[in-house]
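Have the sequence and the structure open as you read.

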Amino acid sequence: MEAQILLLPIGILIIAALIGLSKAKVVLKIVNMLSAVSSGVIIYDGVLGLKTTIELKYNLFNSSSFFASLDYLVFRVDALSAFFLLILGILSLCASVYGIKYMERYFEREDMRVYTFNYPLFILTMYLVVICWNLLWFIIFWELMTLFSQFLVAFEQRKEKAVKAAFKYFCMTKAGAEFIVLALILIILKATNFNANYSEIANVLPAYLSVHSATLYTLTFALLIGLGVKAAMVPLHSWLPDAHPEAPSNVSALLSGIMIKLPIYMMFRFFLGFFPLKPEIGIVIAIFGILTLFFSMMYALLQKDSKRLLAFSSIDNIGYILLPMGAGIYFLANGSQLFGGIALAAALFHTMNHAFFKGLLFLTAGSVMYETGTRDLNYLGSLAKKMPLTAFTALIGSLAIAGIPPLNGFVSKWMIYISTLTSPATSLFGIIAIFISAVTLGTFVKYFTAIFTKPPVKEINAKEVPLLMSVSQLLLALLCIVFGIYPFLPLKMISQALGSIGVQIHLDSLVVYPSLVVPKTGNYSPIIIFAFLLVSTLIVLLLIPSRGEVVPTWKTGRSEDLNMSMPADAYYRDFREVFREVYTVGDASKRFVQKIAEIGGMFGIKFEVLSYDLNSMLSIAMVLIVILVAVLGGVEL
Amino acid sequence: MGRFKLITKAISIGRVTEKYPFVPLEVPEGFRGKPVIDPEKCIGCTACSNACPPQALQVYDDLESGVRVVHLFIGRCIFCARCQDVCPTEAIKLTKEFELATLSDEDLHQIVELQMVRCEECGKPFDTFRHLLYTAKELQPWEREMMFLCPECRAKKVSEKLIFGKGGGYV
Amino acid sequence: MNIIFIAINLAFALIIAPLIDGFERKIRARLQNRQGPSILQTWWDLIKLFKRPTIEPQDSIKSLYKLAPYITFTSVLTAYLIIPTLLPASTNFIGDLILVVYLLGLATLSFVIGAFSSGNAYAQIGSNRDVSLFMSEELLLAFIIGTIAVIGKSLSFDQLFPLPFRISSLLALLLLFLVIYVASTRLPFDIAEAEPEIIEGPLIEYSGKHLGLLKYFVFLKRLLLYSLILDFIIPIQNPIRLTCYLIGIIILSIVYSTFEAYYGRFRIDQAIRILKRASIVALIVWMIAVVGW
Amino acid sequence: MILEILKSNNAKILRHDEKVTVALVPNDKLRTTAELLFKAGCYYATGAGVDERLLGVGFSMYHIFNCEVEGRYIIIKAVASNLKIPSITPIISGANWAEREVMDMLGIFFDEHPEPVRLILPDDWPEGVYPLRKDFRYNERPPRVEFEQKREKKPGVIEVPVGPYHPALHEPEMFELYVKGEEIVGAVYRGFHIHRGMEKLAEGRMTINQIPFLAERICGICGYTHNCAYVQAIEDAAKIEVPERALYIRTILLELERIHSHMLWLGVAFHLLGFESGFMHTWRIRETFMDLAELLTGNRKTYGMNLIGGVRRNIDENKKKGLSEILDKTKKEIREIFDNATQMRELINRMEGIGVLSKKKGREIGVVGPTARGSDIDTDVRRDHPYAAYGDLEFKVPIYKDGDVLSRFLVRYEEVLESIWLIEQALDQLPPGDILNEEYELPEHTICVGATEAPRGEDVHFAIMGEGNKVYRWHPRAPTYNNLPAVPIMLKGEKLADAPIIIASIDPCFSCTDHIVIVDGEKVYRCSLDNYLGGL
């Protein structure tokens, strides 16, 4: 009976979507509130799921055909799903509450039904993707998720940029999905004869793949591409920086907060749950992770559009998740349980952290847009005076994402470094990760100062955002702080989640209260650090109090007002100048892809870089599938 | 390599700055410092005040009390030593003193007052006594007698002489 | 026991850091044929600054501008909990190398944000340079950390102090020597505070107590980094560790201040380029370490 | 050939001797004359406006050209017809400031001047009050007038104010740099913050033998050459025979001054490059020269040695001996310091290829001194218009081709050594005899010009004798006045970090440039060099 609770959010969200079809002004509020409520339920499900595994079975139609595999629609929440449900719930709760006020800005300009209908369904599909326990149903929900989300990206239909971005996003992820389809066809054809149930697969597949290594690599390849596109892994990321900025900010929060994490979720399922652990696969994933975080962050440094900057840093954080995941797989495959566990834990922990602080940052960017109507960092400035609360939350978010102790970002990054640095094979990954986290710091110094502290070119009139918006920002900020100072709670969940896919991390050896200890390797006591920082700051403030008179800013004796605001595209010029190779490589690879696309174009095949022609996209994917199947057949015979 | 040569150089030379405010500073002969008027020697000839470029030296007569005031204001002085050059009696000299910062304005002023001679005829003070004596040396004997006349009266006297001849007119 | 040790270390650092700067000033004066100020001069300066009132520029973001110096100061103090300076305190229950690096990151961050909040053009340019330098310096540092971690098979100081004697560890320490030089904002690399063009850059609007705190922060940071490199060299449980440590600090400050006195200031791009080259060297060193020499 | 040019433009030759040519040119021919002279290789030195109403002429403008080929100064006089004179700025951009200055100070208007706005007078100075007219008393102070500041922010760049109070400038001047990241995309100069009213003072109050001491205070570093320039102008007018020994003593002192000025600059350059010890070394050596000056003249800096017709103090034997000893010692030391310092790569990198000024631009603006010699312009008053004892002494003029900061640096360094060599020669050949010739009478209304090679470049004093031991008009022109317009050109496209050394590289002496103006008052940004130097 208890299990029925899984259906509650589905019901609420469908109702919300149906209500959303009407044009009335009030609908917006209702829809957002319903979504918020359902998010609450989702959180509850998550908490429940962490305690015990919940399962629901529906026998849809009896057939013994290919559709046998569709036969059983199974919803099941194990610890891993529960973990992602928690993230989804918290984030969509904040996003929905935020949306109540935020979306009002669009009333006069846009057709709200696009939002009110798609938003709940988007959450719903994400929910379903996480909870469903059947590969075929998964792919169906997956495609639906893409569909609804791309409508939300194209929310401002009048803006050609938005529509284009949405279409690019849709085509790329669709093409990616074809690869997943390929993978799953292979699985149910070859391994599990038409049984797509996860548990079944988990039983059969590893044994099968350990024999047929060619299939393993094909699957890995297909899944890496298919899921990688959705997760915006670096060679396949180009949709994200266009799509995320265009969506309404609370949707962007969901998009980069949780949606691009679902592929991560599936990777955990596949690579750890279903596949035999192979070190080379781990290394490949880790390398992809490094490429992702390196290039994306170096490019994020260039951006002068607030949300685009955030979008790039989302990609970067995907890198920060892929890297430890790959490393973890590598370690486990080499039988070093300790580091493997920590690395995987780091991956999950960073997934959660990123959901929180990136969601938070997108919300703050949204608040700034809500007040000033612009995302242009050159133009913005000095908003901390006008919107102190937003500024505060944005600061917390920036500190967290830059991995500054004692916030949550640091804990996950710390775990990444600890696990990777000490062993020669992976230490280069850790090194680059450290460097990039410094660049992250630079980027977010730019983000924060450009919006909130540097004097603006001309006076901007803005005020603090309404309570409902700041509440959700504050909630996320609070989570960033709490999970930073008390990481033991999330770690507990994570250990459960990993346990459910058969990875044991010895939490009791890791958590030596009040500090995290990796025996003989590293240690970090967030509580002591936080306490000392707080206390000593207070003491110094008491000893050396500062209250000063206000004087005009010193302009070497000039009286007239000069333009003292640093344009955002002038930040770190010399750094970019010296590290120009990175950008040349990046642009060269872009050109290279285009070149390929042109060659493909000669054969009538078009890549997204050239055009947004859906059919051709699908046709490429199909062709690739055929080729791969053929190759595979050759291998198998 | 040059860097290390410089370092060794510096070490070999040692300290060159002085603990100046705590130890006195030596200045060479002929240093042009604070000018000082010797009230004994000064004859109030106004040569210095004419030569002084910044008008730090000013000379003016106080006709009531019959005093010629030679006023040196060091606040304006540029230490060019022109006064020293032109002074006939070497009354004004530039000393070696150069630490002139002070809290009171008075320290920057030097005032020499010289008694003036009153004209025998009209009783108007016309020249300092000393200057008169100084000039007396090269006066002609026949001029000596009208030494104590102010220029106007002297002029009158002379013209009378020229008209009425020696010893005053015929009877 | 450890707690007491840490407390003593903290007190020692707070007292001695400005004295070291005074000592270095004396050395520089000697190298420039000057009578320098007395060794206590830095302390007098600080005391004077702490007595003075502070001002707030009217374009500034008051709260951030005022809070930043305190955070900057305390974050470096926090790092002293972890790195043993005077007495060999075992600190593995607080943090490790990574934490120290990130605490210094926090210091830089708050320093820079405070400067940006002052709303002065010079401060913005200066902190911009500061961050650029920080990023490129972090690249080099990352390689060094990687090398050290590979050599010591660990990141916690109990394992790392002292570093096992190898070629790679020697080279790593040499590179660390360079990084520390850069990180302690000394002359060729004090581009962020370049006096001639951007008038002390980030510090331009700070005055009185704030300025005092920030200066104090710099001295503490220098001493911290000195102690870090010395701890890597001196065996932690050695009976004569204390004397070695003090002598080491004196030697380091002499060497550093000599460099400082006899180098011209780099332009920001030159500095970054130099650090980039150094990190390529560091990559090689890392390889050597991986090979196991 | 100069005479032909002048004659061909039916000019009336007022004076023509081996040093100076003065010609009255009709207004309609003025521009063609100027053009021809410029083509003939004469460079615009300066211009001075004179209120000659007391001489029954009205207002007139004197354009002074420096003809290096013939070693003479050519002064073209043009008389304003109802306060109007054709402007020659369209042909010779170097005349821009001079003409605007005359507009401000005398109210003569120049037809077709590209930029006829105020240069010198502040915005709160009332219209129609012209301080250099004879009916304006030297201690008069007109009331302030209100004005509105019109100025909009420049988007996309930081407007970095450098000055009026900035450690990179040691005098109150105002540069405004438009900076993008680190790169300077534009620069604007606003000068004339210092106002001492020297010209007015000299004309109004001082006697001919007092002005040398005023002239010496035009510049805080190179005052003595101003002093010499003025004295030479008067001696040139009065045809005074100056004793040989006096000339040699002047030469020695001039070179002493050049050395200490260059050493000062080199030290400052090191300081601006962040090489403090180099600064200390350089100034340690400079100190010996300051002491020498003190020994010879009784003062470290303001020598006060000149009078019309000679010098005031003699150099006796033991002074001479001490001098040559110290010179030997320091020459070696200077070589040592700089040969080592120039091996330090980071210093050279900071100067090489920075702040380049091309030869062509330099000629256009008419830069002088080391700035010119740094960009391959071969000019030196000591050689082209021999004065003092330079005719009898041998020395070489260092020329560098690159036109960057480094070449200016090296020019100055070599000049220091050259100066030492000159002093040694002068000491050896120091002729006997007296040092001051006071038997002369002064002509009236003679137009005369005196020029010296100051450490910063050519230094021109223009004077017209007045009645009874006074000058009717005295117009000094400091080298920086010609060099400043080059700075924004050098700055463009460079890094902000290099701005101080670039600004310093012309060895600017702002007070010398500003000495003329008579008023004070709050300056606002108005004139932009870029406007006529194809700027931003």
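In which hand does α18(A) pass α19(A)? The crossing of α18(A) past α19(A) is left-handed. Keep in mind that this is a predicted model.

**Helices α18 and α19 of chain A**
- Helix α18 covers residues 408-421 of chain A, and helix α19 covers residues 424-453 of chain A.
- Their axes lie 7 Å apart, and the packing angle is about 150°.
- Angles over 145 degrees count as roughly antiparallel, so α18(A) and α19(A) are roughly antiparallel to each other.
- From α18(A), the contact is made by A:Lys413, A:Ile416, A:Tyr417, A:Thr420 and A:Leu421.
- From α19(A) come A:Thr426, A:Ser427, A:Phe429, A:Gly430, A:Ala433, A:Ile434 and A:Ser437.
- Sorted by class, the contact of α18(A) with α19(A) holds six nonpolar, five polar and one charged residues.

**Helices α13 and α14 of chain A**
- Helix α13 (residues 279-300) and helix α14 (residues 306-333), both of chain A, cross at roughly 160°.
- The axes of these two helices come within 7 Å.
- α13(A) and α14(A) are therefore roughly antiparallel to each other.
- α13(A) also passes α14(A) in a left-handed crossing.
- The contact of α13(A) with α14(A) has 24 nonpolar, seven polar and one charged residues.

**Chain D against chain A**
- Chain D places 20 residues in contact with 14 residues of chain A.
- On the side of chain D that touches chain A, strand β8 (residues 158-162) of chain D gives the most, with four residues.
- That side of chain D divides into nine nonpolar, five polar and six charged residues.

Key: Residues are numbered from 1 along each chain as its sequence is written. Chains are lettered from A and ligands numbered from 1 in the order in which they are written. This is a predicted model: local features need pLDDT of at least 70, side-chain atom pairs count only at pLDDT 80 or more; totals for chains, interfaces and linings use all residues. Axes are lines fitted to C-alpha atoms, for helices over the stretch in contact, and angles run from 0 to 180 degrees between N-to-C directions. Angles under 35 degrees count as roughly parallel, over 145 as roughly antiparallel, 65 to 115 as roughly perpendicular and the rest as oblique. A crossing is left-handed if the near helix is turned anticlockwise from the far one by less than a right angle, and right-handed if clockwise. Two residues are in contact if their C-beta atoms, placed from the backbone, lie within 7 Å. Ala, Val, Leu, Ile, Met, Phe, Trp, Tyr, Cys and Pro count as nonpolar, Asp, Glu, Lys and Arg as charged, and the others, Gly among them, as polar.
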